[in-house]
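This report goes through one protein model, from its overall make-up to a few individual residues. Please keep the sequence and the 3D view at hand while reading.

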Amino acid sequence: MQIGYINISIMFVQILESVQTPAPLDFKTFDTPATINLRPPPVDRNKSFDDDEFTKKPIVVKKTITAPLNVTSYSIADLQMATGSFSIDNLLGEGSFGRVYRAQFDDGKVLAVKKLDSSVLPSELSEEFTEIVSSISQLHHPNVTELVGYCSEHGQHLLVYEFHKNGSLHDFLHLSDEYNKPLTWNSRVKIALGTARALEYLHEVCSPSIIHKNIKSTNILLDVELNPHLSDAGLASSIPNADQALDHNAGSGYSAPEVAMSGQYTLKSDVYGFGVVMLELLSGRKAFDNSKPRSEQSLVRWATPQLHDIDALSKMVDPELKGLYPVKSLSRFADVIALCVQPEPEFRPPMSEVVQALVRLVQRANMSRRTVGNDQGSSHGGGNADAQEDLS
Ligand SMILES: Nc1ncnc2c1ncn2[C@@H]1O[C@H](COP(=O)(O)OP(=O)(O)OP(=O)(O)O)[C@@H](O)[C@H]1O
């Protein structure tokens, strides 16, 4: 009887210890970035009840590997109210993983709700969803869209993010209307630098490092001050079958050549996608545009031979800028692009180097502004595109 009591006590202490020792991801700097999977090792569902390890810790096995959820849990009813029953009027867009809705709550707060498609995450995978939420909720960076909540009810899985009023960089660049003025050169540099910092954080600060896998201008959201926020961070690397859902990206113009060949995503394929976004910022063109003549449809193929030729560059630059850009800044920006979109992944720079190059570009622009007084001397079109903003 007493032995039984001691055994039960030991088991109880074991369970308590396991529950009290969650394994949160740490975000220390690391030396050798590895290809990562944010998810903990999969649980072997074929293990029998006789299995030694299984019988010793039957309840707490998953608890020890999933960090606590520190985001709000919403009910479906809450989200239905806030999105007008997921009405078309509140639909912000639809992507690889599901639809995104604008949600306005009773207290006036506005958030974005991503309803994951059941084909992406079947209803029975609720435990996997908890792990996904747990992983993504640990990402905190000023240029990464923050996960603020989730909902897992009736087999539905929804992610609730902060809402960015100015929508995506893609829409801002390519669907500009009377409300969206063309982006100034400085705003473009600011967006590139912020996005580079977000990727540097995922690649080189998070441990294990996170491959975004889906860098493109629709995943860069802009706030009211046009600061960029990278969306979907940690999503593709934690959803079990994400790579299949991302297959349609093959012809989108953002996919690195080696991804198109082998389907293998790496940190360097993210760097390539980032280079394509920079090209979009420079040229105002889409990554792939089938309304253009064949030789100009792929932005990378069309633009890369011209990146080191200043005359060609000035023809390639977004006409919406109306010549208002400092020529040196443009050519340094083009140099960074050329490094990022190299066909050989091993020659592409790590994101920390991209950040440093863009910081130097901004610092030089700020210095020359201080010494010259304004940009007129160096602006291609004689305008003063950048005098009003400090990017550093
Ligand atoms: N947090 C948000 N705030 C404001 N708008 C958002 C937010 N998240 C997404 N959107 C809008 O919803 C659209 C769809 O987003 P989503 O990420 O689902 O798809 P996508 O970026 O077009 O494609 P993919 O799923 O391949 O990334 C975005 O282009 C953007 O306009």
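What percentage of the 392 residues of the protein count as buried? The figure is 47%, where buried means under 20% relative accessible area, exposed means over 50%, and partly exposed lies in between (1.4 Å probe, protein chains only). The model is predicted, so local features need pLDDT of at least 70 and side-chain atom pairs count only at pLDDT 80 or more, while totals for chains, interfaces and linings use all residues. Residues are numbered from 1 along each chain as its sequence is written, and side-chain values use heavy atoms, with hydrogens and water left out.

**Overall make-up**

The protein has 14 helices and eight strands; these are DSSP runs numbered from the N terminus, with helices (H or I) of at least four residues and strands (E) of at least two. Of the contacts with a separation of 6 or more, 68% are between residues 24 or more positions apart. Contact here means heavy atoms within 4.5 Å.

**Two packed helices**

Helix H6 (residues 185-205) packs with helix H9 (residues 267-283) at an angle of about 170 degrees, and their axes are 10 Å apart. H6 is therefore roughly antiparallel to H9. Axes are lines fitted to C-alpha atoms, for helices over the stretch in contact, and angles run from 0 to 180 degrees between N-to-C directions. Angles over 145 degrees count as roughly antiparallel, under 35 as roughly parallel, 65 to 115 as roughly perpendicular and the rest as oblique. The residues of this contact divide into 11 nonpolar, two polar and two charged. Nonpolar covers Ala, Val, Leu, Ile, Met, Phe, Trp, Tyr, Cys and Pro; charged covers Asp, Glu, Lys and Arg; the others, Gly among them, are polar. On the H6 side the residues include Trp185, Arg188 and His203, and on the H9 side they include Asp270, Phe274 and Leu282.

**The ligand**

There are 19 residues around the ligand, of which Ser96, Glu162, Lys216, Thr218 and Asn219 come nearest; a residue is near a molecule if one of its heavy atoms lies within 4 Å of it. The table gives polar contacts, that is, pairs of N or O atoms within 3.5 Å; within protein, one must be able to donate a hydrogen and the other to accept it, and residues adjacent in sequence count only if both atoms are side-chain atoms.

| Residue and atom | Ligand atom and distance |
|---|---|
| Lys114, side-chain N or O | oxygen, 3.1 Å |
| Glu162, polar backbone atom | nitrogen, 2.9 Å |
| Asn214, polar side-chain atom | oxygen, 3.0 Å |

**A buried histidine**

Lys114 is also among the residues that His157 touches, not counting residues up to four places away in sequence. His157 lies in strand E6 (residues 156-162) and counts as buried because its relative accessibility is 2%. Its side chain makes a polar contact of 3.5 Å with the side chain of Ser126.

**Backbone geometry**

Most residues other than glycine have a negative phi, and most peptide bonds are trans. His154, in the loop between strand E5 (147-153) and E6, has a positive phi of about 50 degrees. Asp232, in the loop between strand E8 (228-230) and H7, has phi near 65 degrees. His154 counts as exposed, at 69% relative accessibility, whereas Asp232 is buried at 7%. A cis peptide bond, with omega about 0 degrees, joins Ser207 and Pro208, and Pro208 lies in the loop between H6 and strand E7 (220-222).
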